[in-house]
Amino acid sequence: MLHGGALPRTSPLFSFFVKIPLPLISRTSRRFFRPILRSPKPKPTLNSTGSFSMDKRLNLCTLALSDNSPSPSSPAVSNKAKKKARRESPEGVLRHKLDMCSRHGQLVQALSLYDEARSNGVPLSLHHYNVLLYLCSSNGGGDDGDVGLKRGFEIFRQMVEDKVVPNEATFTSAARLAIAGEDPEMAFHLVKQMKGLGIPPKLRSYGPALFEFCKKGEADRAYEVDAHMVESGVVAEEPEITALIKVSSDSSRGDKVYEMLHRLRTTVRQVSESTYGVVEEWFKSEEAAKVGVETWDVNKVREGVVRGGGGWHGQGWLGSGNWRVERTQMDEAGTCSCCGEKLVSIDIDPKETENFATSLSKLASQREVRGDFIRFQEWLQRHGPFDAVVDGANVGLVNQHNFSFFQLDTLVNRLHQMSPSKRLPLVILHQNRVTGGPAQNPNNKRLLESWKKSGALYATPVGSNDDWYWLYAAVNCKCLLVTNDEMRDHLFQLLGTSFFPRWKEKHQVRLSVSRRGLNLHMPPPYSIVIQEAEDGEWHVPTTTGDDIETPRQWLCATRARNTK
């Protein structure tokens, strides 16, 4: 019986696993294993109709076994009973135990379960193998690390011999095993084979090869991995770009450092302390002092700034000589306390906002009761636009143990006074906040009723996530959003990292409470993003500090002005 999908000998996957030099026969792991031998030609098994079934998605032949087909006279079995039978079968019990081992990082226990299953003839599925490979590839150094490496390749070979069809997770674990054997070439080869076999690689698939090439200082090979990622539509994130900056710096490739800094600007915006250290190390290096031009065309640089939307020009390193590198802060106007350069505010294309509102509406409709969200959109159309939207639940709980309508009302009155149109902001509250608890207080009842009559209150339905409502209202009205919600959970991750962080930076108003009462922290008049000045200075913001309780930390890199 074939489990997890059969690999016929005509399959490109089967051919791949048999013919290519897999990690288990690679140079670094050869001491552990003998090469995979071609297994005897399997006898074809026919289904009840005497024919093969075809899995069109994978373009792989799979056998439809008659043993699994209930006879017409068999009594119907409920789905609950089927699930219980699967769960209590030897395969199901093994799956549960392996999942527990994976959760707790218990490699030795998982290997013991694997050996026991093999000796008892328990068939292993793709999931079983992937969990085992994950544990083997994730194990650290020392004796357990050697065991994980040796047994990982052994299990990988057995998976091939069992003709279990691999997926992205399989290849990624295999790539990690290759790195454990210090073979980034094999790790990269595996990723390239994934794409050729129609299995889309993920960012984690490229990580083993990319980081190992960077670690070994093989810059050109790291750039090849990066180019393959771009070609596959996989977007590098901060760890990958930081590794590329470091290998470029160590290899005296100033042009690549410049390129990667701009990719960091568009992808990450604010950097972690570890990335700060890598960037700082570059600017303090001897090679950094050598790059750059002493004279440049001012008009060409300014054209680059306009073309890029502000905050950078993309014309390469400007100036020459040593860089002065300092940790700095910005004042409220965005002026650097170190060099005096004033940072700019980078505009958002109105079309981008419209597109974002459309995609936000689509996502919300998929995750909320569609009728409820459509009713809200229609309500907003009748009562909007507003100058500000308030996340009522968040504001009412800022620095409070219990929900405070007094604090919420104080904010609403402040925003009313600040409003260019002199109208109340839109308060979004969950239905439970409007009908229960402190809402039963007579004063609070009157307050809620006055907001409702003014068209300034919307109660989201029971069972809904009010985040979708206040975010959509603020984006749709192109107005301020008052909330201390950092907007980092799963819901906001669905919105991506391209537009949403820029929109949030320009529209979110945050609160703090002091003895004097509520303090509003308006959006900064400058963009908190890596900026390249027209004179060649660089300012790199970090994630350290929030400009409310503590000032945000920036890197300032300048050098002497040069002829323009």
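User: Which residue stands opposite V540 in β12, and what makes β11 and β12 a pair?

Analyst: In this predicted model, V540 stands opposite L555 in β12. Strand β11 (residues 538-541) and strand β12 (residues 554-558) are joined by four bridges and run antiparallel. Two strands pair if there are at least two bridges between them, so β11 and β12 count as paired.

User: What is the order of the open sheet of four strands, and why are some strands called edge strands?

Analyst: The order is β3-β12-β11-β10, and the pairing is antiparallel. The edge strands are β3 (324-328) and β10 (531-532), as each pairs on one side only.

User: How do you know that β7 and β8 pair, and how do they run?

Analyst: Strand β7 (residues 480-482) is joined to β8 by two bridges. The cut-off is at least two, so β7 and β8 count as a pair. They run parallel, and V482 stands opposite V509 in β8.

User: What joins β8 to β9, and how many residues lie between them?

Analyst: Five bridges join β8 to β9, and these strands run antiparallel. L511 stands opposite L520 in β9. With two residues between them, β8 and β9 form a hairpin.

User: What does β8 give to the lining of the largest pocket?

Analyst: β8 gives the most, with five residues. The pocket itself has a volume of about 1,700 Å³. Of the 44 residues that line it, the closest to its centre are Q270, E486, R488, K504 and R552. Elements that give two or more residues to the lining include α11 (238-250), α24 (500-507) and β9 (517-521).

User: How do the residues of that lining divide into nonpolar, polar and charged?

Analyst: The lining of the largest pocket has 19 nonpolar, eleven polar and 14 charged residues. Glu, Lys and Arg count as charged, so E486, R488, K504 and R552 fall in the charged class.

User: How do you know what span to expect of α4?

Analyst: Helix α4 (residues 107-119) has 13 residues.

User: Why are the buried residues of α4 said to line one face of the helix?

Analyst: The buried residues of α4 are L107, A110, L111, L113, Y114 and A117. Seen down the axis of α4, they fall within an arc of 160°, so they line one face. On the other side of α4, V108 and S119 are exposed. After α4 comes G121, whose phi is positive, near 75°.

User: Is K163 called buried or exposed, and why?

Analyst: K163 has 10% relative accessibility. Buried means under 20%, so K163 counts as buried. K163 lies in the loop between α6 (142-161) and α7 (168-180), and its phi is near 60°, a positive value in a residue other than glycine.

User: Is K422 buried or exposed, and why?

Analyst: K422 has 54% relative accessibility. Exposed means over 50%, so K422 counts as exposed. Phi of K422 is positive, near 55°. Its place is in the loop between α19 (405-418) and β5 (426-430).

User: What kind of peptide bond joins G384 and P385?

Analyst: The bond that joins G384 and P385 is cis, with omega about 0°. P385 lies in the loop between α17 (370-383) and β4 (388-391).

Note on methods: Residues numbered from 1 in each chain as written. Predicted model: local features only at pLDDT ≥ 70, side-chain atom pairs only at ≥ 80, totals over all residues. Heavy atoms only, no water. Expected span 1.5 Å × (residues − 1). Buried < 20%, exposed > 50% of the residue type's maximum accessible area, 1.4 Å probe, protein only. Arc of directions from axis to C-beta. 1 Å grid on protein atoms, 1.4 Å probe; cavity = no way out; pocket = protein on both sides within 12 Å on 5 of 7 lines; lining within 4 Å. Points joined across faces, edges and corners; volume = space filled by probe spheres on them.
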